[in-house]
Amino acid sequence: MKTLIVVDMQNDFIDGSLGTAEAVTIVEAVKAKIAEYRNRGDEVIFTRDTHHENYMETNEGRHLPVVHCIEGTPGWEIRDGLLFEGAKVIDKPSFGYTGWAGRAFEEVELIGLCTDICVVSNALIIKALYPEIKVSVDSSCCAGVTPDSHEAALTTMRMCQIEVV
């Protein structure tokens with residue numbers, strides 16, 4: 001079974017406090033990719049960047065001083081039309097989710113936001129934990145903080161044996 005990991009497709013990263021025009025443009029492609037996996041009966045997992053009211057006091061808040069994805073706010077919510085009933089959602093407090101170990105992954109594809117922060121972090125963690133499985137990223141369903149940093153992250157992933165399509 002293939003697993004699709006939809007990384008942080010949240011309102012704050014699309015058109016909220018950290019949104020970009022590039023993020024807005026991938027929403028429909030992400031929706032189509034999710035439908036493709038669901039139609040085949042494959043697994044779909046969503047991650048959700050999750051912070052709290054004390055965000056600016058955290059290490060991340062000191063380095064990225066833009067309040068975003070505060071639990072329970074509209075910006076924290078996954079974009080309407082992407083989630084589906086029964087979908088698995090993982091709230092993660094940082095860039096990379098460290099709970100991937102112990103899963104029965106056979107093949108993993110990642111999509112979402114931001115290519116150069118959370119997508120690359122999770123892809124590298126998964127590849128390190130499961131070096132013999134195929135890990136891929138669909139670049140048409142990802143957007144970075146900038147187009148240049150998006151491309152740099154894709155290059156990094158290729159160098160680490162993550163397939164970029």
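# A guided tour of a predicted model

Begin with the charged side chains: the protein carries 14 positive and 26 negative ones, and the centres of the two sets lie 5 Å apart. Here Lys and Arg count as positive and Asp and Glu as negative, while His and the chain ends are not counted, and each charge is placed at NZ of Lys, CZ of Arg, CG of Asp or CD of Glu.

This is a predicted model, in which local features need pLDDT of at least 70 and side-chain atom pairs count only at pLDDT 80 or more, whereas totals for chains, interfaces and linings use all residues. Residues are numbered from 1 along each chain as its sequence is written, and side-chain values use heavy atoms, with hydrogens and water left out.

**The whole chain**

Of its 165 residues, 49% count as buried, where buried means under 20% relative accessible area, exposed over 50%, and partly exposed in between, with a 1.4 Å probe and protein chains only.

Colour the model by secondary structure to find five helices and six strands, which run β-α-α-β-α-β-β-α-β-α-β from the N terminus on. Helices (H or I, at least four residues) and strands (E, at least two) are DSSP runs, numbered from the N terminus.

**The sheet**

Now select the strands, which form an open sheet of six in the order E3-E2-E1-E4-E5-E6, with parallel pairing. The edge strands are E3 (88–92) and E6 (163–164), each of which pairs on one side only; two strands pair if DSSP finds at least two bridges between them.

Select strand E1, residues 2–7, and ask: how many of its six residues are buried? Five of them are, so strand E1 is largely enclosed by the rest of the structure.

On one pairing of E1, look at strand E4 (residues 107–113), which is joined to E1 in the parallel sense over six bridges, and find Lys2 opposite Glu107 in E4. Then turn to E2, which runs parallel to E1 and is joined to E1 by five bridges; there, Glu43 is the bridge partner of Thr3.
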